[in-house]
Amino acid sequence: MADDAHPCWAVYDLDRLRANLAEIRRRIGPDQACIAALKGNAYGHGAAPVAQALDGEGLAAFMTGSFEEACRLRAEGLSTPVVMFAGALPTGMADLVGAGLVPTVVDRASAEAAAGAAPPGEAVQVYVKVNAGLGRLGVPLVAAEDLLAELAAMRGLEVQGLYTHLPFGDARGRDWAEQRLAAFDALLARLAARGLVPPVTQARASACVAAGLSDHANAVCVGHLLYGLSPFADDSLADLSAYRPLLAEVGSRLIQVSNHPQGSDIAIGGSYGIRHGQRTAVAPIGVAQGLVRPVPGSRPQALVRGRRAPILAVSLEHMVLDLTDVERIAVGDVVRLLGGEGDAAIGLDELAAWFGMTPLDTAMALSGRLPAYYRDAAGGAAGSAPLRSESP
Ligand SMILES: *Cc1c(COP(=O)(O)O)cnc(C)c1O
């Protein structure tokens, strides 16, 4: 698989991405549109390949925060509109509009700047973000109706979407989100009475969708669930077993195997704690590839030849494994930190916990640091799983 010059890799499963989207759609019903959140390089999974895989799926928009990433998506020639989360100064609006992106505006100044970039006789499409209670970004809920009325009268501007964000991680947050969804619904009702509702309205993200909350908007914007990640700190909030992590495999290969028979020249009690009688091996994947040192006492493991073997240490560019109990080990053998077959398989939750990270942290940490392969059974010959690679 990966380059023998530095054998380490991550595999992302695009069929799981599509299956997760299908599950989200099953959950929200046929009348709701879907927007994919692609910020943070698609939560670390690779914005361009994820966007390519989703482009034919009829999504209302891709939303991202990075201007550079958004320009790359536009350059891919995708047909799905790319909407920018609030992230630009008013003086940057012209760049967004010039690049064919749909800016988010949060006040009159940002809207005027966007409208000012409209070609003569045309209107620039924007989304308006409302602060419905998170307190982070957007026009305050109480001021939103007036702002939408002003924008409706502004030349060179067309409000295409209205959205807010209500993420939560526990049961208390769910109650808060339910109450804030009702407040957003009330805004939509007031706007409807004045004929000011834009085509796309959205308040629910992964947490609301997973917890089964409903509202009167016509779209959802999902990140976590799409990538098979839980949006919750408290996993008793919903059964997420139908969603599978897009990050399917992290692997490397053994570059050296060492036996340490009695009397051999090892530093007993050295920092790796290698003992006489052990067999150890080294794989070239470590902190530089996005791993961190394991949580003390966490007993991290990797799969070699279908067996779980202890990871003794993670250093800048290497990891040391204890393979004393694994037979017939050779240089070149595959080591899986994530993935594998059957009972021995290592899941993303387990891997993340060993390294003191959340699954999302893990996907972000590995992102761009090792060669990425995209598995896509649908796009290949029957039974095979061709891999497309993206340079890190
Ligand atoms: C990131 C983001 C989302 C998606 O959130 P998830 O919890 O990952 O589904 C939706 N809306 C806004 C404004 C966001 O920034």
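A: A cavity is a set of points, on a 1 Å grid over the protein atoms alone, where a 1.4 Å probe fits but cannot get out; lining residues have an atom within 4 Å of a point. This is a predicted model, where local features need pLDDT of at least 70, side-chain atom pairs count only at pLDDT 80 or more, and totals for chains, interfaces and linings use all residues. Residues are numbered from 1 along each chain as its sequence is written, and side-chain values use heavy atoms, with hydrogens and water left out.

Q: Which residues line the largest cavity?

A: Its lining consists of Lys 129, Val 130, Asn 131, Ala 132, Leu 134, Gly 135, Arg 136, Leu 137, Thr 164 and His 165.

Q: How far apart are the end C-alpha atoms of helix H8?

A: Helices are DSSP runs (H or I, at least four residues), and strands are too (E, at least two), numbered from the N terminus. The expected span of a helix is 1.5 Å times one less than its number of residues. Helix H8 has 23 residues (171–193) and should span 33 Å; its end C-alpha atoms are 34 Å apart, which agrees. After H8 comes Gly 195, with a positive phi near 70 degrees.

Q: Is Leu 229 buried or exposed?

A: Buried means under 20% relative accessible area, exposed over 50%, partly exposed in between (1.4 Å probe, protein chains only). Leu 229 counts as buried because its relative accessibility is 3%. Leu 229 sits in the loop between strand S10 (219–222) and strand S11 (247–253).

Q: How far is Leu 229 from Leu 247 in space?

A: They are 9.6 Å apart, C-alpha to C-alpha, and 18 residues apart in sequence.

Note on methods. On a 1 Å grid over the protein atoms alone, a cavity is a set of points where a 1.4 Å probe fits but cannot get out, and a pocket is an open set with protein on both sides within 12 Å along at least five of seven lines; lining residues have an atom within 4 Å of a point.
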